[in-house]
Amino acid sequence: MPSQLAHADPALWTVAPSWQALVERFFASDAGRKLQLFLQNRLSEGAVIFPPQPLRALALTGLESVRMVILGQDPYHGRGQAEGLAFSVAPGVALPPSLRNIFKELQRDLGEPVPSFPQPGGSLVRWARHGVLLLNTCLTVEEGQAASHSGKGWEVLTDAIIKEVSDQSAHVVFMLWGSHAQSKRVLIDASRHLVLCANHPSPLSALRPPVPFIGCGHFSQARAWRNQHELKKNGKIS
């Protein structure tokens, strides 16, 4: 897979069938057309943009499969890191600090061992294929420039994605890490879903108040919630 965006044609960005109509509506809208033009212009000006497939999360995790949403800010801006899934890096790529903290919290909270490196390393494709929608609020970024594509239109699409999950799915766990992610909280029906908020797992904020990421316990809370609702669905508890 190439490491950077080669074109700005959404028709070439594969998504699962259950997302197709939503994505097509977005790119037919004013916000979608402006975003596409912005990406085309930046590519023509020689900008290096990541990831190569901005909608990969929607390709690997169909709407009907979503049981958890992990929401970050924007893709990694280092060459070869971003693979279109929030916090995930391509196989063989050294773990970024945020992902190291995610694995550290998984180990602290659930006793999960940190993945070996370089294989399987930090690719979260397996999570995506098992119903974890790994989404950022903004889906592209320029090399070495964090948040460089924020406010260009992606947020309109990710708002629509989150609202669609909230409206159409049952008992989903939403993990909102950092202020950008938590700005989406108003789109989620908290009477039907579990909404967990913490600081971003970046070393800059992972240990700071008000809700440090390390020690947040999101993974055990998510497991308990999912287990409870699976039992209810199967009629094993009242």
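Author: First, a term. P210 is found in the loop between β6 and α8 (218-233). The model is predicted.

Reader: How many helices and strands does the chain have?

Author: Eight helices and six strands. Along the sequence they follow the pattern α-α-β-α-β-α-α-β-β-α-β-α-β-α.

Reader: What share of the residues counts as buried, and what is the cut-off?

Author: The cut-off is under 20% relative accessible area. Of the 238 residues, 51% count as buried. The chain exposes about 11000 Å², with carbon and sulfur atoms supplying 53% of it.

Reader: What share of the contacts comes from residues 24 or more positions apart?

Author: A contact means heavy atoms within 4.5 Å. Among contacts with a separation of 6 or more, residues 24 or more positions apart account for 69%.

Reader: Why is β5 called largely enclosed?

Author: Five of its five residues are buried, so the rest of the structure largely encloses β5. Look at the two directions. V173, M175 and W177 point one way, F174 and L176 the other, and all are buried.

Reader: What makes β6 mostly covered?

Author: Strand β6 covers residues 194-198, and five of its five residues are buried. Both faces are covered. On one side are L194, L196 and A198; on the other are V195 and C197.

Reader: How do you know that β5 and β6 pair, and in what sense do they run?

Author: Pairing takes at least two DSSP bridges between two strands. Strand β5 (residues 173-177) and β6 have five bridges, in the parallel sense. L176 has C197 as its bridge partner, and W177 has A198.

Reader: What joins β2 to β5?

Author: Four bridges, and these strands run parallel. The threshold is at least two, so β2 and β5 count as paired. In β5, V173 is the bridge partner of M68.

Reader: Why is S98 called buried?

Author: Its relative accessibility is 10%, so it counts as buried. The limit is under 20%. S98 lies in helix α4 (residues 97-110).

Reader: Which residues does S98 touch, leaving out those up to four places away in sequence?

Author: F87, H200, P201, S202 and P203. For F219, the C-alpha to C-alpha distance from S98 is 16 Å, at a sequence separation of 121 residues.

Reader: What makes the phi of F87 worth a look?

Author: Most residues other than glycine have a negative phi. Phi of F87 is near 70°, a positive value. F87 sits in the loop between β2 (68-72) and α4.

Reader: Why is F87 placed in its class of accessibility, and which class is it?

Author: Its relative accessible area is 7%, so F87 is buried.

Reader: Which class does A147 fall in, and why?

Author: Partly exposed, because its relative accessible area is 28%. That class lies between under 20% and over 50%. Phi of A147 is positive too, near 60°. This residue is in the loop between β4 (141-142) and α6 (154-168).

Reader: How do you know that the peptide bond from F50 to P51 is cis?

Author: Its omega is near -5°. P51 is in the loop between β1 (49-50) and α3 (56-60). Most peptide bonds are trans.

Reader: What is the omega of the bond from P209 to P210?

Author: Near 10°, and the bond is cis.

Methods:
Residues numbered from 1 in each chain as written. Predicted model: local features only at pLDDT ≥ 70, side-chain atom pairs only at ≥ 80, totals over all residues. Heavy atoms only, no water. Buried < 20%, exposed > 50% of the residue type's maximum accessible area, 1.4 Å probe, protein only. Areas by Shrake-Rupley, 256 points an atom, 1.4 Å probe, with all protein chains shown as cover.
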